[in-house]
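Thanks for coming. I will go through one model today, starting with the longer-range contacts and ending with a single residue.

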Amino acid sequence: MKIKGRAISKGKAEGEALVSKEAISFLGEVDTKTGVVVNPKHPLFRKCMAGKILVFPRGRGSTVGSYALYQLKRNGKAPNAIVNEEAEVIVAVGAIISEIPMVDKLERKGFKLIKNGSKVVVDGDKGTVEVIR
Amino acid sequence: MHLSREEEDILGGEHGAAAAKSMEILLAICKIFGAEKLIPVTSAQISGVSYKTVGDAGLEFLQSFAKDGRVRIPSYLNPCGMDLEEWKRMGFPKDFARKQLRIIQAYQKMGVESTCTCTPYLIGILPKKGEHIAWSESSAVIFANSALGARTNRESGMSALASAITGKTPYFGYHLDENRIAEVVFDVKVKLEDMSDFGALGIYAGGIAKQRVVAFEGMEDFTVDEVKALGAALAASGSVALFFIEGVTSEWRVVGKPERVEFGSRELKETKESLNSSKDAELIAIGCPHCSLEEIKEIAEKLRGRKLKRKLWVCTARKIKTKADKLGLTRIIEEAGGRVVSDTCMVVSPIEDMNFKRTAVNSGKAAHYLPSFCKQKVLFGSLKDILE
């Protein structure tokens with residue numbers, strides 16, 4: 001199933017979806033050395049985002065969060081790609097400077113169709129997300 | 001979205017990797033905010049300079065961006081985390097200083113002037129009415145929009161850097177007339193006596209206005225420094241980017257029936273109380289935003305022939321400090337036991353790691369940020385109060 005969306009950051013990647021119903025702040029909420037969510041109140045607490053397709057509604061928090069995403073990438077602990085319901089600037093800029101493919105605004109409620117653990121291909125050039133299984 | 005030939009070239013990498021990334025950043029912002037084009041800007045003012053705020057991640061990013069990133073327009077830095085000349089004598093941690101200097105070097109390599117001030121408008125950087133700029137320090141943004149009538153959104157350090165490197169900004173938000181209209185009007189019913197009162201008004205109004213454009217009625221008799229203090233506080237407690245003062249600011253757009261709020265002596269008193277969490281302090285810090293020469297004169301006059309029991313930092317732009325040195329003001333302040341500090345301020349420097357737990361300020365913005373950014377208890381009052 002291929003879903004059309006909007007291209008935010010270029011490149012193509014695949015992986016297993018890690019889905020959060022809540023927004024993420026990369027500054028403070030994620031350990032940039034391990035890629036693990038460290039905020040006990042977050043639904044992804046103790047989950048590692050390294051190598052995953054990180055699916056979450058949007059970013060939040062300080063604009064310095066873009067640099068935190070960059071550091072995750074430098075440490076080899078970044079997600080392979082990002083899918084947002086609707087992008088905001090912090091995560092969008094973070095994805096671009098870290099060269100992490102990113103797509104948002106999926107057609108026909110496509111965002112809700114991606115289940116945790118699904119195998120997903122994100123195409124940040126064409127702005128599409130394919131759910132393989 | 002329409003891209004010019006030049007913009008296409010930058011995006012395609014003909015001007016280097018950092019320029020291409022910068023263009024990608026600006027185009028993503030266009031998509032997010034529905035901007036249809038980029039417009040030229042005449043200057044960029046870049047935040048994200050203190051090692052304390054950007055950390056190792058920011059340092060690494062800036063060093064990699066500086067490999068081939070070069071600015072195309074006059075670009076200026078916000079304050080960094082320490083006085084670049086006096087840091088050793090002031091006891092800044094060595095490791096912090098080493099990393100801070102690397103950040104400055106990366107920006108310098110890109111061609112950004114290390115002005116290290118949040119008040120570029122006090123050192124001759126004065127965009128004209130209607131001029132499009134890309135500034136990111138929130139107090140400078142609100143001053144440029146409101147007092148100068150220039151046009152800028154509240155940029156992040158990265159988007160301002162992207163504008164510096166490409167010379168462009170997305171055309172939306174405060175660049176457009178239609179978004180420069182007041183949505184909440186404050187009727188000021190109390191006489192504001194000094195900067196701390198203006199700061200308190202800003203903190204109160206920003207909390208109500210959130211991100212909306214603000215108009216003030218009933219204000220009379222104030223200085224540039226007081227307007228500076230008001231704007232900085234509005235931009236700190238809210239994310240206000242533009243305000244009007246009746247009969248003063250070059251723009252005044254109040255249409256329809258905006259929300260109306262009164263600000264009287266009770267609101268002033270309660271706001272000032274809410275910003276106070278200490279009765280004493282180890283450090284008196286003045287200059288958030290950075291002091292003008294007039295403020296330094298006033299401080300020196302109050303300190304002439306005195307000896308302070310507490311440490312005092314008077315934070316200002318290096319250019320202003322040089323003037324204060326020549327006028328003998330720095331010496332008067334030093335003889336009283338204080339310091340005139342450049343390139344930094346009490347909010348972005350690591351004062352919590354320098355044995356300061358309580359700080360006295362006359363700035364609403366500093367009083368708002370010091371408890372969370374620097375783990376300080378705050379004594380908030382007028383200049384006279386905090387120097388006594």
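In chain B, residues 24 or more positions apart account for 79% of the contacts with a separation of 6 or more. Two residues are in contact here if their C-beta atoms, placed from the backbone, lie within 7 Å. For chain A, 73% of the contacts between residues at least 6 apart in sequence join residues at least 24 apart.

A word on the source. This is a predicted model, in which local features need pLDDT of at least 70 and side-chain atom pairs count only at pLDDT 80 or more, while totals for chains, interfaces and linings use all residues. Residues are numbered from 1 along each chain as its sequence is written, and chains are lettered from A and ligands numbered from 1 in the order in which they are written.

Staying with chain B, there are 14 helices and 14 strands. Along the principal axes, the C-alpha atoms of chain B fill a box of roughly 65 × 55 × 35 Å. Of the 388 residues in chain B, 54% are buried. Buried means 20 or more other C-beta atoms within 10 Å of the residue's own, exposed means 12 or fewer, and partly exposed is in between, with C-beta atoms placed from the backbone.

Chain B is divided into domain 1 (5–175), domain 2 (181–272) and domain 3 (275–387), with bounds from an automatic or database domain assignment. The C-alpha centres of domains 2 and 3 of chain B lie 24 Å apart. Between these two domains, 16 residues of domain 2 are in contact with 17 residues of domain 3. On the domain 2 side, α7, α8 and α9 (265–274) of chain B each give two or more residues. Which helix gives the largest share of that side? It is α8(B), with 7 residues. By class, the domain 2 side divides into 7 nonpolar, 5 polar and 4 charged residues. For the classes, Ala, Val, Leu, Ile, Met, Phe, Trp, Tyr, Cys and Pro count as nonpolar, Asp, Glu, Lys and Arg as charged, and the others, Gly among them, as polar.

Now to α8(B) itself, residues 224–237. This helix has 14 residues and reaches 20 Å from its first C-alpha to its last, close to the 20 Å expected at 1.5 Å a residue; the expected span is 1.5 Å times one less than the number of residues. Because 12 of its 14 residues are buried, α8(B) is largely enclosed by the rest of the structure. Among the buried ones are E226(B), K228(B) and L234(B). The buried residues of α8(B) pack against several elements of chain B, including α5 (138–148), β7 (214–217) and α13 (364–373).

L234(B) also turns up in the contacts of V214(B), together with A182(B), V184(B), F186(B), A205(B), A209(B), V240(B) and F243(B), leaving aside neighbours within four places in sequence. V214(B) is among the residues with the most contacts inside the largest nonpolar core, which has 175 residues. Such a core is a set of buried Ala, Val, Leu, Ile, Met, Phe, Trp, Tyr and Cys residues joined through C-beta atoms within 7 Å.

Next, the two chains together. 20 residues of chain B are in contact with 18 residues of chain A. The largest share of the chain B side, 8 residues, comes from α3(B). That side has 8 nonpolar, 7 polar and 5 charged residues.

Chain A has 4 helices and 10 strands.

Last, one residue of chain A. A17(A) lies in strand β3 (residues 12–19). Is A17(A) buried or exposed? It is buried, because 21 other C-beta atoms lie within 10 Å. Its contacts beyond four places in sequence include I53(A), V55(A) and I114(A).
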